[in-house]
Amino acid sequence: MTRAELNLQKQAGTRSTISMKLIWLFPAAFIVHDAEETLTIKAFLDAHHQETPFNRLPVSQLTTSTFAMSVLLILLVIVGLCSYITKNRTSGQPLFLLLASTLFMNGVTHVLQAMYFRGYTPGVATAVLIIFPYSICVWRSMNKVHGVKLAKYLAAGMVLQIPLAVGALIVGSLLL
């Protein structure tokens with residue numbers, strides 16, 4: 001067996017672990033992104049409450065406090081999951097990839113909203129400047145995540161972000 005074949009065999013047998021920095025940068029990226037949303041959501045909804053899809057939702061009931069409470073709830077879940085992933089870095093990889101993919105797809109949603117409304121939407125700036133670069137760093141650090149595997153994580157992230165956000169908003173409004 002050649003040296004190159006031995007190296008390939010060694011790499012195949014070694015499961016890489018997630019960088020601690022990448023794990024704990026996740027809540028930081030989330031905080032910065034959702035701070036932008038929290039600070040701008042009320043004014044945006046007030047300006048667009050008669051437009052689709054907001055004209056079909058009870059957006060007038062959403063306050064900055066309710067939104068902030070929802071963000072705090074999501075952050076607590078994220079910190080709990082990051083703690084679990086830190087303790088189980090190899091077996092926690094799929095969960096971490098799902099978190100990163102969900103955050104990335106949330107960023108895609110913000111960009112699509114900005115295109116739909118033809119202007120700024122809450123969260124679009126940090127999606128482009130923080131969420132996208134962070135997610136790309138996560139995927140690059142896990143060199144086996146690409147193609148169909150990445151597409152599956154992204155699809156799951158797109159689906160998951162909606163009930164998570166709606167659920168957090170509902171619980172946040174019930175707590176205030």
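1. Axes here are lines fitted to C-alpha atoms, for helices over the stretch in contact, and angles run from 0 to 180 degrees between N-to-C directions. Helices are DSSP runs (H or I, at least four residues), numbered from the N terminus. The model is predicted: local features need pLDDT of at least 70, side-chain atom pairs count only at pLDDT 80 or more, and totals for chains, interfaces and linings use all residues. Residues are numbered from 1 along each chain as its sequence is written, and side-chain values use heavy atoms, with hydrogens and water left out.

2. Helix 2 (20-48) packs with helix 5 (residues 124-141) at an angle of about 165°, their axes being 9 Å apart. The two are therefore roughly antiparallel to each other, a label for angles over 145 degrees. Their crossing is left-handed, meaning that the near helix is turned anticlockwise from the far one by less than a right angle.

3. In this pair, L22, L25, F26, A29, V32, H33 and E36 of helix 2 meet V124, A125, T126, A127, I130, I131, Y134, C137, V138 and S141 of helix 5; contact means heavy atoms within 4.5 Å. By class, the contact of helix 2 with helix 5 has 13 nonpolar, three polar and one charged residue. Ala, Val, Leu, Ile, Met, Phe, Trp, Tyr, Cys and Pro count as nonpolar, Asp, Glu, Lys and Arg as charged, and the others, Gly among them, as polar.

4. Helix 4 (residues 93-117) also packs with helix 5, at about 150° and with the axes 9 Å apart. That makes helix 4 roughly antiparallel to helix 5. Helix 4 passes helix 5 in a left-handed crossing. On the helix 4 side the contact includes F96, L97, F104, G107 and H110, and on the helix 5 side V124, I131, F132, Y134 and W139 are among the residues involved. The contact of helix 4 with helix 5 divides into 16 nonpolar, four polar and no charged residues.

5. Helix 3 (64-87) and helix 4 have axes that come within 9 Å and cross at roughly 145°. This crossing is left-handed. Residues L81, Y84 and I85 of helix 3 meet L95, F96 and L99 of helix 4. The contact of helix 3 with helix 4 has six nonpolar, no polar and no charged residues.

6. The largest pocket holds about 1,500 Å³ of space. On a 1 Å grid over the protein atoms alone, a pocket is an open set of points where a 1.4 Å probe fits, with protein on both sides within 12 Å along at least five of seven lines; lining residues have an atom within 4 Å of a point. Grid points are joined across faces, edges and corners, and a volume is the space filled by probe spheres set on the points.

7. Of the 49 residues that line the largest pocket, Q161, I162, A165, V166 and L169 are the closest to its centre. Helix 2, helix 3, helix 4 and helix 6 (147-175) each supply at least two lining residues, and the largest share, twelve residues, comes from helix 4. The lining divides into 35 nonpolar, twelve polar and two charged residues.

8. T109 lies in helix 4. Not counting residues up to four places away in sequence, T109 touches M158 and Q161. T109 and Q161 are 52 residues apart in sequence and 9.6 Å apart in space, C-alpha to C-alpha.

Conventions. Angles under 35 degrees count as roughly parallel, over 145 as roughly antiparallel, 65 to 115 as roughly perpendicular and the rest as oblique.
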